[in-house]
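Thanks for coming, everyone. Please have a look first.

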Amino acid sequence: MTRIAEARKFYARLMAANAGSADPRLEDVFAAVPREAFLGPGPWTVVAGNGKVETPSADPVHIYQNVLVSLDAEKGINNGEPFLHAMWIGKVAPKPGEAVTHVGAGTGYYTALLAKLVSPGGAVTAFELDSSLAERAIKNLEAYGNVTAIHGDAVVGGLPPSDIIYVNAGVAAPPAEWLKALKPGGRMVFPWRPAERIGLAVMVTRTDKGFACDPFMRSWFIPCIGASAASTKIDRDKAARSRKIWLTADKAPDRTATAVIGDVWFSSQSIGGRRSQ
């Protein structure tokens, strides 16, 4: 085994262990997809807290660890924390044959992982609004026959019917059209920023009784253009008790409302009717 293959294999084991997923394929895909192919030529700039560190060389071994690698320093865009994405991907549990929509694909690394997990038979549609990142993603993903990478606005244009919607830009609330795009049993994970100082990762599942939601961890992403107008009046603890999302067109907000944002609102009442305390 070569040095880089050994590093990639150990990295994959770490990602799978952190994800806590029962799907053994998660380790396989992290080992199979070369991260360096999506980062541009090295050496690379690694984001460390408020500082930045350049890798000692262009040897890919340096980026097979849980580090943020800068993609566009001026815009504050990075390749994402691998541990976080491993956990999120494990949580949405992609299956062969499913349709995935990736919002905020960057240069396509996590898109490629999703594409492998829904093979055979599945497909990924990846949206990236930034023109330079989209151009890189389209090129990087050419080898993945089940991916359609699009330079476009996922907020304005709407999304295709999806089993999974994987969002990598902070939204004040998921647009109603995104919720409607979820197929029965579909899952969406997104970074929720209902207020300037609140950042939560939320998992949404479409059931026959509505949209169940689970704010499962803290999370910070750059804002999603067109869907990130945050409020200053929402309480963090109250937001974290959200268990269901309603479209205001279907039901007016009631006393269980934890946040009302545009044409959607969040409720502390679960799908089963029980209120979160």
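Let's start with two helices. Helix α1 passes helix α2 in a right-handed crossing. Keep in mind that this is a predicted model. α1 covers residues 3–19 and α2 covers residues 25–32. Their axes come within 8 Å and cross at roughly 145°.

Which residues of α1 and α2 meet there? From α1 come Arg 8, Tyr 11, Ala 12, Arg 13, Met 15, Ala 16 and Ala 19. From α2 come Leu 26, Glu 27, Phe 30 and Ala 31. By class, this contact holds eight nonpolar residues and three charged ones, with no polar residue.

Take β5 and β6 first. β5 spans residues 99–103, and four of its five residues are buried. Five bridges join β5 to β6, residues 123–128, and the two run parallel. Find Thr 101, and its bridge partner in β6 is Thr 125.

Next, β8 and β9. Strand β8 is residues 162–167, and strand β9 is residues 182–195. They also pair in the parallel sense, over four bridges. Here Ile 164 stands opposite Arg 187 in β9.

What lies across this part of the sheet?

Is Gly 199 buried or exposed? Its relative accessible area is 0%, so Gly 199 is buried. Leaving out residues up to four places away in sequence, Gly 199 touches Trp 192, Arg 193, Met 217, Arg 218, Ser 219, Trp 220 and Arg 236. Also look at Ala 240. It is 41 residues from Gly 199 along the chain, and their C-alpha atoms are separated by 9.9 Å.

On to helix α4, residues 109–117. This helix is mostly covered: eight of its nine residues are buried. Among them are Tyr 109, Tyr 110 and Leu 113. Thr 111 belongs to this helix too. With 0% relative accessibility, Thr 111 counts as buried. What does Thr 111 touch, beyond residues up to four places away in sequence? The list is His 102, Ala 105, Val 124, Ala 126, Leu 141 and Val 147.

That brings us to the rings. The structure holds nine aromatic pairs. One of them is Trp 246 with Trp 265, and this pair is stacked. The centres are 6.3 Å apart, with 15° between the planes. Trp 246 sits in β12, residues 244–247, and Trp 265 in β14, residues 264–267. The two are 19 residues apart, and the pair links distant parts of the chain. How covered are they? Trp 246 is partly exposed, at 21% relative accessible area. Trp 265 is buried, at 0%.

There is also a ring cluster. Ring pairs link Phe 38, Tyr 109, Tyr 110 and Tyr 144.

Last, some backbone details. Most residues other than glycine have a negative phi, and most peptide bonds are trans. Now for the exceptions here. A cis peptide bond joins Gly 42 and Pro 43, with omega about 0°. Pro 43 is in the loop between α2 and β1. Another cis bond joins Ser 119 and Pro 120, with omega about -5°. Pro 120 is in the loop between α4 and β6.

Then there is Ala 93. It is not a glycine, yet its phi is positive, about 50°. Ala 93 lies in the loop between α3 and β5. Its relative accessible area is 32%, so Ala 93 is partly exposed.

That's the tour. Over to you for questions.

Terms used
Residues numbered from 1 in each chain as written. Predicted model: local features only at pLDDT ≥ 70, side-chain atom pairs only at ≥ 80, totals over all residues. Heavy atoms only, no water. Axes fitted to C-alpha atoms, helices over the stretch in contact; angles between N-to-C directions. Left-handed = near helix turned anticlockwise from the far one by under 90°. Contact = heavy atoms within 4.5 Å. Nonpolar A, V, L, I, M, F, W, Y, C, P; charged D, E, K, R; others polar. Pairing = 2+ DSSP bridges. Buried < 20%, exposed > 50% of the residue type's maximum accessible area, 1.4 Å probe, protein only. Phe/Tyr/Trp six-rings, centres within 6.5 Å; stacked < 30°, edge-to-face > 60°.
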